[in-house]
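Please open the structure in your viewer and keep the selection tool at hand. The stops below are meant to be taken in order, each with something to select and something to look for.

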Amino acid sequence: MNGAGVRSVARIVARDDGRGGTALPVLESDGPLALRRTRGSGAGARVMLVGAMSGPLGGDHFTVEARVEEGARLSVGSAAATIALPGQAKGEARYDVRLGVADHAELRWAPEQLISAQGSDLYVTTRVDLAPAARLVLREEQVLGRAGEEPGRLTSRLTVRVDERVVLDQELACGPGTPGGWDGPAVLAGHRAVGQLVVVRPEFATEPMTARVVGEGASVVPLAGPAALVTAVAPDALRLRRVLDEALASLR
């Protein structure tokens with residue numbers, strides 16, 4: 001660690017093992033990011049992302065990369081919530097996620113919540129590149145402030161491409177100093193938990209989802225190509241998870 005903050009990179013490669021399962025030929029991590037393989041189900045492999053220390057702090061830059069090769073199935077979660085905290089180093093912290101999924105491969109990306117603590121400044125980018133016959137379930141959840149405190153500044157950008165075509169590119173900025181009425185009725189309307197699900201399935205190309213309200217505070221909309229997006233807001237993390245779980249069940 002130095003005055004510029006901590007740099008940490010974690011890499012995962014999932015590959016069809018030729019015996020009906022999924023191997024992990026690359027499972028590398030350093031610094032505060034640690035990867036652990038856990039018991040999967042069926043043909044899939046499961047990896048947990050474990051934070052070895054608090055963070056990201058101001059000035060830190062974390063990167064997670066995952067590639068799922070043809071025929072493989074991978075599920076990635078995290079052992080606990082990620083908490084963005086203020087640090088001694090000046091400047092925003094960055095957390096970059098880069099995901100790639102090949103044809104006839106499947107990725108479930110469902111880490112625990114990202115909590116924006118008071119005084120923090122975090123910029124998160126998630127970029128997903130999928131082949132035409134890939135499958136994806138991606139869940140993101142952000143909680144603005146810990147119990148009884150104001151949030152930090154949080155900017156989150158999510159980009160999804162299918163067959164090199166952009167189907168989703170959205171950015172949400174919240175917290176002190178953020179322009180544009182982020183807490184107003186047109187955005188979060190006073191809620192302190194916000195989340196989204198991106199579901200990509202080849203069959204959506206011919207049978208797209210219908211736009212509709214799902215439960216309280218959530219909606220599903222079809223995206224261009226074989227994809228659907230669920231967005232939700234809730235008063236707290238527990239109710240946000242419940243709403244997103246109900247929405248995902250409805251998509252099945």
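A salt bridge, as the term is used here, is a side-chain nitrogen of Lys or Arg within 4 Å of a carboxyl oxygen of Asp or Glu. The model is a predicted one, in which local features need pLDDT of at least 70 and side-chain atom pairs count only at pLDDT 80 or more, while totals for chains, interfaces and linings use all residues. Residues are numbered from 1 along each chain as its sequence is written, and side-chain values use heavy atoms, with hydrogens and water left out.

**First stop: two bridges across the sequence**

Select Arg135 and Glu203, which form a salt bridge whose closest N and O atoms are 2.9 Å apart. Arg135 lies in strand 12 (residues 135–144) and Glu203 in the loop between strand 15 (193–200) and strand 16 (212–213), so this pair ties together parts that are 68 residues apart in sequence. Strands here are DSSP runs (E, at least two residues), numbered from the N terminus. Arg135 counts as partly exposed at 30% relative accessibility, and Glu203, with a relative accessible area of 35%, is also partly exposed; the term covers what falls between buried (under 20% relative accessible area) and exposed (over 50%), computed with a 1.4 Å probe on protein chains only.

Next select Arg11 and Glu65, whose side chains meet in a salt bridge at 3.2 Å, N to O. Because Arg11 belongs to strand 1 (residues 7–16) and Glu65 to strand 5 (residues 61–68), the pair ties together parts that are 54 residues apart in sequence. These pairs belong to a structure that holds 16 salt bridges.

**Second stop: Arg139**

Is Arg139 buried or exposed? At 8% relative accessibility, Arg139 counts as buried. The side chain of Arg139 meets that of Glu141 in a salt bridge (3.5 Å, N to O), and Glu141 is buried as well.

In soluble globular proteins, nonpolar side chains tend to be buried together. A nonpolar core is taken here as a set of buried Ala, Val, Leu, Ile, Met, Phe, Trp, Tyr and Cys residues joined through side-chain atoms within 4.5 Å. Select Leu74, Tyr95, Leu107, Trp109, Leu130 and Val198, which touch the most other members among the 47 residues of the largest core. Strand 8 (residues 93–101) gives the most to this core, with five residues. Apart from this core lies another, of 19 residues, and Val199, Ala232, Ala234 and Val243 are among them.

**Last stop: two loop residues**

Most residues other than glycine have a negative phi. Select His104, which is not a glycine and yet has a positive phi of about 60 degrees; His104 is found in the loop between strand 8 and strand 9 (106–109), and is exposed, with a relative accessible area of 55%. Finish with Glu164, which has a positive phi of about 70 degrees although it is not a glycine. Glu164 is found in the loop between strand 13 (153–162) and strand 14 (165–174), where its relative accessible area of 72% makes it exposed.

Notes:
Helix = DSSP H or I, 4+ residues; strand = E, 2+ residues; numbered from the N terminus.
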